[in-house]
Amino acid sequence: MSSIANLERITLQVRRDILRMVHSVNSGHPGGSLGCTELFVALYNEILDLNEGFDMDGENEDIFFLSNGHISPVFYSVLARKGFFPISELKTFRKLNSRLQGHPTTHEKLPGVRVASGSLGQGISVAIGSALSKKLNNDNKLVYVLVGDGELQEGQNWEAIMFASAKKIDNLILCVDLNGKQIDGSTSEVLPIGNLKIKFEAFGWKVLDIENGNSLKSIIEKLKEAKRETNKKLPICLLIKTEMGNGVDFMMNTHEWHGVAPNDEQLEIALSQNPETLGDY
Amino acid sequence: MNGYTYTELKDTRSGFGDGLTELGRKNKNVVALCADLTGSLKMNQFKIENPKRFFQVGIAEANMMGIAAGLTIGGKIPFTGTFANFSTGRVYDQIRQSIAYSGKNVKICASHAGLTLGEDGATHQILEDIGLMKMLPGMTVINTCDYNQTKLATLKIAEHEGPVYLRFGRPKVPNFTNLEQKFEIGKGILLNEGNDVTIVATGHLVWESIIAGRKLSDMGISAEIINIHTIKPIDKKIILKSINKSRCLVSAEEHNFLGGLGESISRVLTENDPVPQEFVATNDTFGESGSPSKLMKKYGLDSNSIVKAVKKVLLRK
């Protein structure tokens, strides 16, 4: 089986996990999770250079931070499917005494998570700190961070974006999920974020675009290109156009599924569009 | 009590700066971040000696707190430096999520706390920071009283695993504690034994308590004086032992009575051994411009205010 075909099988299963997780607790954020499924599958299975097991310090391995913590379902599913913790634990998502909190946290010591996120706008700063730590430790592995496009409305991001280029944080790859949607509507309705490419370039970043952020092939190619651009005195930004709710026809082309779980009937339809490949949890 | 004397006035922030410099020499994992107040925080020497371990983040405190959290991943021990106002209220959510909830080993070092910041006025004179910080689960809160104690605290918190809020101030004040004394997080220091009243003070109010103790002694009142540098976790033992004898207490701090040391003590008393308590603290108010000494007098944070509070609490015994 080709590598892409294998990743596609994982992607289908992760989609099922996301849908079943949010359905079982009638809460959580399926839209952004589904939109970023290909990105997470590509990162954890093809791009990140990871050590065996989980170590908080992440020395001599790549580190990934999720800033838009509300898309925890995709993060948890991909971590579990990669072996960070038992797949069966996905059934505890958002339930009492679970390590799989509504938003990711280190508090319950879930392997794979290095900082709490959920309150938006904090992840780039944390990733910069981690990247600086790697430089001090002469560790040449990379730091990745994902933010949502709506999240860039938070001011702290721009403090961090200014800092990263000024201090030449060139072991950092920032992924921006450009799905154009947020809770109250489209980003253009709520608060237009303008031309991000121009903005990031004006802030001194190297910017790469992924036109089809739901194509595993495109993502992998561009992430590999981004890696080649590291260590050149510039932080790297990947603007990744994704479709919120991707893979479930009635969840696409709308912001309505940002933070709403499907009912029984909707779940059945959604799952029928994403056949089981690796076994449900 | 008369044994407490000093040869020089020194600012607590210099105790932080000198402690940080010493840490820079002996612990290679210590890194420092500052938001455009390197001189005010006395971080220059650390910066000169450790240019790669010093991060100037500019006027961007939220980013500084996040970067500090990230630096801990990989084993660094970050010390952030800015004014107390910008170390707490301005960045509360960053501290709450990225540092406290995430359990990161960040040392939040805050200068210019309280009224003694002086002429800059209420925008910069935070009187709520102890409350903000002690409310965060897992956060250790320390407020030091002079140069020597601040230096010792700075050295000590590097050894402590977990987030710490270290609060100190701007003005030069008597440097009277002993540098040879052991600094133990969570352990109060008995400064003077007495029988009639217990005075528990923190920060700049510790020296004022010693002055008050002398005045009280002249009046025939014997005051037991305790220096509480760690507000969280509070040293219950030393407080309860003292009030077991004195049966009344005055708390003294450069902070709002809401959320401060006094409230922490009240809880210890009500849960264990309720005795009358009076509060020397600001009374739910903002500060204003003025010289530190005039401000402390106007807002009732000097030795005379402590004496007055003692007289009041003695009547309630």
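Trainee: How many bridges join strand β2 to β3 in chain B?

Mentor: This is a predicted model, in which local features need pLDDT of at least 70, side-chain atom pairs count only at pLDDT 80 or more, and totals for chains, interfaces and linings use all residues. Residues are numbered from 1 along each chain as its sequence is written, while chains are lettered from A and ligands numbered from 1 in the order of writing. Strands (E, at least two residues) and helices (H or I, at least four) are DSSP runs numbered from the N terminus, and two strands pair if DSSP finds at least two bridges between them. Cys34(B) has Gln56(B) of β3(B) as its bridge partner, β2(B) (residues 30-34) and β3(B) run parallel, and the number of bridges joining them is three.

Trainee: Which strands stand at the edges of the open sheet in chain B?

Mentor: The sheet has seven strands in the order β3-β2-β4-β5-β7-β6-β12 (chain B), with mixed pairing. An edge strand has a single partner, so one side of it is left without a neighbour in the sheet, and the strands in that position are β3 (54-56) and β12 (230-232) of chain B.

Trainee: Is Leu249(B) buried or exposed?

Mentor: Leu249(B) lies in strand β13 (residues 249-256) of chain B, and, apart from neighbours within four places in sequence, its contacts (C-beta atoms, placed from the backbone, within 7 Å) include Thr198(B), Ile265(B) and Val313(B). A residue counts as buried if 20 or more other C-beta atoms lie within 10 Å of its own, exposed if 12 or fewer, and partly exposed in between. Because Leu249(B) has 27 other C-beta atoms within 10 Å, it is buried.

Trainee: Which helix gives the largest share of the side of chain B that touches chain A?

Mentor: The contact takes 24 residues from chain B and 28 residues from chain A. On the side of chain B, α3 (61-71) and α5 (92-101) each supply at least two residues. The largest share, eight residues, comes from α3(B).

Trainee: What is the radius of gyration of chain B?

Mentor: The C-alpha trace of chain B spans about 60 × 40 × 35 Å along its principal axes, and buried residues make up 60% of the chain. The radius is taken over C-alpha atoms, and the globule rule is 2.2 Å times the number of residues to the power 0.38. For 317 residues a compact globule would have a radius near 20 Å, which agrees with the value for chain B, 19 Å.

How values were computed. Two residues are in contact if their C-beta atoms, placed from the backbone, lie within 7 Å.
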